[in-house]
Amino acid sequence: MKHQKLLTFSLALLPVLFTACSDDDDEDLIGHWVRMSDFDGLARAESAYFTIGNKGYLACGYDGSSSDARMSDLWEYDMTTGSWTQKASFPGTARNSATAFAIDDKGYMGTGYDGINYLNDFWEYDPSANTWTQKADFPGTSRSDAVSFGVSGKGYIGAGYSGNWEKDFYCFNPSSNTWTQITSIGGSKRRGASSFVIDDIAYVCCGENNGEYIDDFWKYDPTADTWTQLRDISDTSDESYDDDYSIVRRYASIFVIDGCAYLTCGDTNGSVRSDTWKYYPSTDVWEEVHGFKGTARYCAAAFSNGSRGFVTTGRSSNTRFDDIWELLPYEYDPDDE
């Protein structure tokens with residue numbers, strides 16, 4: 001494995017605004033961010049989220065108002081109508097920094113932090129019945145800030161933070177309600193990583209470990225149970241494709257449109273991000289697109305039905321957000337003309 005250049009940060013630093021390019025530079029980048037109807041619930045960050053069809057779901061989170069200001073409500077966003085509907089509240093312990101994914105027509109959520117304890121319980125949400133059912137506990141160490149994905153009819157949770165950084169991974173089979181430990185992700189342990197799925201292959205990037213920001217990038221093939229390292233997401237090669245890369249961060253938001261992934265927001269070195277990057281799996285190359293037009297933030301939620309992508313909630317320093325934005329990837333921002 002080639003040498004990686006890692007950034008360091010101080011946990012004591014409050015995030016400040018980070019801009020990867022000037023406003024003039026942004027004018028040359030394709031992509032048009034459009035503000036949609038605001039989230040109906042309380043502003044928050046560190047929620048769990050998943051997408052089923054044209055509906056995005058956002059659960060729990062932390063509004064930062066007090067030490068016990070963790071939530072258990074569930075909201076549904078209809079991408080067709082642009083409207084929010086409150087659904088059955090999560091019946092488990094109120095929490096932040098849980099992780100969630102969808103398998104077929106159901107959502108799954110587990111792990112997290114309740115302000116005192118790291119958690120390992122695991123739940124299924126059925127949108128047709130609007131009900132939650134507790135399933136077999138996540139078998140790994142109780143943790144928060146894990147990364148997860150649903151692919152090929154099964155769910156996967158791994159990495160995160162339990163008081164120690166983690167890199168182990170586990171597979172959930174919904175038909176048998178059982179967990180199986182799988183091959184751990186390569187490279188560093190990490191918290192605050194991000195994931196996406198394209199053509200039944202899962203990808204994991206970003207995150208932080210012991211104050212260092214992770215620049216390795218991995219894909220997982222569930223059929224072979226193998227992780228493959230891809231090109232780093234920083235300028236570590238002697239080639240020109242990564243000369244302008246500025247992708248490393250934690251708590252980024254990722255969604256998929258038309259077979260490409262879009263990564264935005266997050267924070268690095270105490271600086272909140274708004275720059276946005278498009279990933280082409282066929283060439284394993286990232287390209288910068290127009291920066292996120294809302295306030296720069298991290299720990300935001302993201303929804304995608306494969307043809308549309310949205311970012312909502314999140315935080316910057318002590319401010320939590322309740323706006324929602326859609327990226328129109330093939331348009332230029334008219335404000336830049």
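Modeller: Strands here are DSSP runs (E, at least two residues), numbered from the N terminus. This is a predicted model, in which local features need pLDDT of at least 70, side-chain atom pairs count only at pLDDT 80 or more, and totals for chains, interfaces and linings use all residues. Residues are numbered from 1 along each chain as its sequence is written, and side-chain values use heavy atoms, with hydrogens and water left out.

Biologist: Which residues is S184 in contact with, leaving aside its neighbours within four places in sequence?

Modeller: Contact means heavy atoms within 4.5 Å. On that basis S184 is in contact with K167, D168, F169 and W227.

Biologist: How should I read a nonpolar core?

Modeller: A nonpolar core is a set of buried Ala, Val, Leu, Ile, Met, Phe, Trp, Tyr and Cys residues joined through side-chain atoms within 4.5 Å. The largest one has 21 residues, and F196, Y203, F217 and W286 are among those with the most contacts inside it. Its largest share, three residues, comes from β16. A second, separate core of 15 residues includes Y156, I185, A193 and V204.

Biologist: How many disulfides are there?

Modeller: A disulfide is a pair of cysteine sulfur atoms within 2.5 Å. By this rule the count is zero. The sulfur of C205 has its closest cysteine sulfur in C206, at 3.8 Å, which is too far for a bond. C205 is also buried, at 0% relative accessibility.

Biologist: Finally, how is a pocket found?

Modeller: Rolling a probe the size of a water molecule over the atoms shows where empty space is left. On a 1 Å grid over the protein atoms alone, with a 1.4 Å probe, a pocket is an open set of points with protein on both sides within 12 Å along at least five of seven lines; lining residues have an atom within 4 Å of a point. The largest pocket is lined by 46 residues, with Y49, F50, A100, S148 and S195 nearest its centre. Strands that each supply at least two lining residues include β3 (48–52), β7 (99–103) and β15 (194–198).

Conventions: Helix = DSSP H or I, 4+ residues; strand = E, 2+ residues; numbered from the N terminus. Buried < 20%, exposed > 50% of the residue type's maximum accessible area, 1.4 Å probe, protein only.
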